[in-house]
Amino acid sequence: MSKALDGVRVLDFTHVQSGPACTQFLAWFGADVIKVERPGTGDITRGQLRDIPDVDSLYFTMLNHNKRSITLDTKTAAGKAVLEELVRCCDVLVENFAPGVLDRTGLTWDRIQALNPRMIAASIKGFGPGPYEHGKVYENVAQCAGGAASTTGFDDGPPVVTGAQIGDTGSGLHLALGIVAALHQRTSTGRGQKVTVAMQDSVLNLCRVKLRDQQRLAHGPLTEYPQYPNGVFGTSVPRAGNASGGGQPGSILKCEGWESDPNAYVYFIVQAPVWDRICTVIGREEWIAHPDYATPEARLGRLRSIFDTIEQWTMTRTKFEVRDVLNAYDIPGGPILSLEELADEPSLRATGTIVEVEHPVRGCHLSVGNPIKLSDSPTVVVASPLLGEHTEQILRDILHLDRNRIAELWNAGALGPAAEGPPPSPPQAASSSVETRSSSRRVR
């Protein structure tokens, strides 16, 4: 079956998380992603947070599915020449280096255009043009600079970053969308273009409801926030604890077993259209028509006591029993699921959101699959490449170099130290075609 991005070739200069997340999405959709790595070390995350000695870390494997790896020393003349030939043969170049690094390699936008005017050059940086643009940025810095941390946590505590990687993977998602849009535009213009994403911008985009609230704040207190009616609102959007960001009051409530299980909780939303059902479920039918509770406006000043009462009910049931009751009454809410529970969830396995991947060295391990489902382009998750695993394959099949020329490149140090020679063939060695490689390492 054909894939959505069949025929698209991506030159991947990314590392760590934001860039690899972007190129992994492109690879999942069928693009041939060629990961260019430094000989000997490769992407720094290969060695970060290792759980098994001398094996690529899960940090690396979970961000580099379905890619091919080539080692290339672009500081050598021969390596730089190979790089430029790859630029001529590819559709997209993706990088997330610090500002100016790519230019210093000689791959300026003008040079890229001279080599391949159809090339789409895509970049992730920490910040856009302005006073912050040269700052070094990681996930949590992006969350803090993009508005997420200042609005996360409880009002009487410090700013808090979220466990979701909205700075890194969030930026990668934004860049992937920009690349697909640029590829579509190229079909009519014939020209490549630059695509840029700033991590600060991506986080701010994901915090748009908070920017909405910043403007609402100028016209009075934010009534859906727990600070209302007795708290104090300043000039900036406050931290709202576990309140819902959509205007429907919500809170995290204890369930049976909370004393010993840190995740025995449920998120419960007091949605106005189902208020009568909520009252029925918790045994407070008298609240349905009572003037102190009957309308959303009347309930606003009593939300804390309302949630306290609901919690007395949720504490008599497990979070899954609460879920079942809420679903039966069409009341919005759901259990707090741990990563352990998510990893074992059969429905997520069935849809390919959680997958088992067979790695040639690590063996079978869990990973997150493609969350975007295309009916005509199903994703087959393939193990991340070993360092330099496809070096000779890429030189042979894309640049059409013969065995002698490839040997010359090894001897010149273009592909790594000359004494190192070609990388050993891994178990379940890939054939010369990407499709065959994919079928040899399918998800179980």
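**Notebook: sheets and helices**

I began with helix 3 (residues 77–89), which lies across strand 1, strand 3 and strand 4 (92–95) and runs at about 140 degrees to strand 1. By "lies across" I mean contact, that is, heavy atoms within 4.5 Å. Angles run from 0 to 180 degrees between N-to-C directions, and axes are lines fitted to C-alpha atoms, for helices over the stretch in contact. Helices (H or I, at least four residues) and strands (E, at least two) are DSSP runs, numbered from the N terminus.

I noted that this is a predicted model, where local features need pLDDT of at least 70, side-chain atom pairs count only at pLDDT 80 or more, and totals for chains, interfaces and linings use all residues. Residues are numbered from 1 along each chain as its sequence is written, and side-chain values use heavy atoms, with hydrogens and water left out.

I looked up the strand order and found an open sheet of 6 strands, 3-2-1-4-5-6, with parallel pairing. Two strands pair if DSSP finds at least two bridges between them. Strand 3 (67–71) and strand 6 (194–198) are the edges, each pairing on one side only. On average, neighbouring strands of this sheet are turned by 20 degrees against each other, direction ignored.

D12 has K35 in strand 2 as its bridge partner. Helix 7 also packs on the sheet, touching strand 4, strand 5 (120–125) and strand 6, and its direction makes about 160 degrees with that of strand 5.

**Helix 1 and helix 7**

I asked how the axes of helix 1 (residues 18–28) and helix 7 (residues 168–189) are placed: they come within 7 Å and cross at roughly 45 degrees. That makes helix 1 oblique to helix 7. Angles under 35 degrees count as roughly parallel, over 145 as roughly antiparallel, 65 to 115 as roughly perpendicular and the rest as oblique. From helix 1, S18, A21, C22, F25 and L26 meet residues of helix 7, including D168, G172 and L173.

I found an open sheet of 3 strands in the order 7-8-9, its pairing antiparallel. Its edge strands are strand 7 (250–254) and strand 9 (333–335). Strand 7 and strand 8 (residues 265–269) share 5 bridges, and I252 has Y267 of strand 8 as its bridge partner. Helix 12 (residues 303–314) touches strand 7 and strand 8, at about 40 degrees to strand 7. Last, I noted helix 13 (residues 319–328) across strand 8 and strand 9, at about 155 degrees to strand 9.
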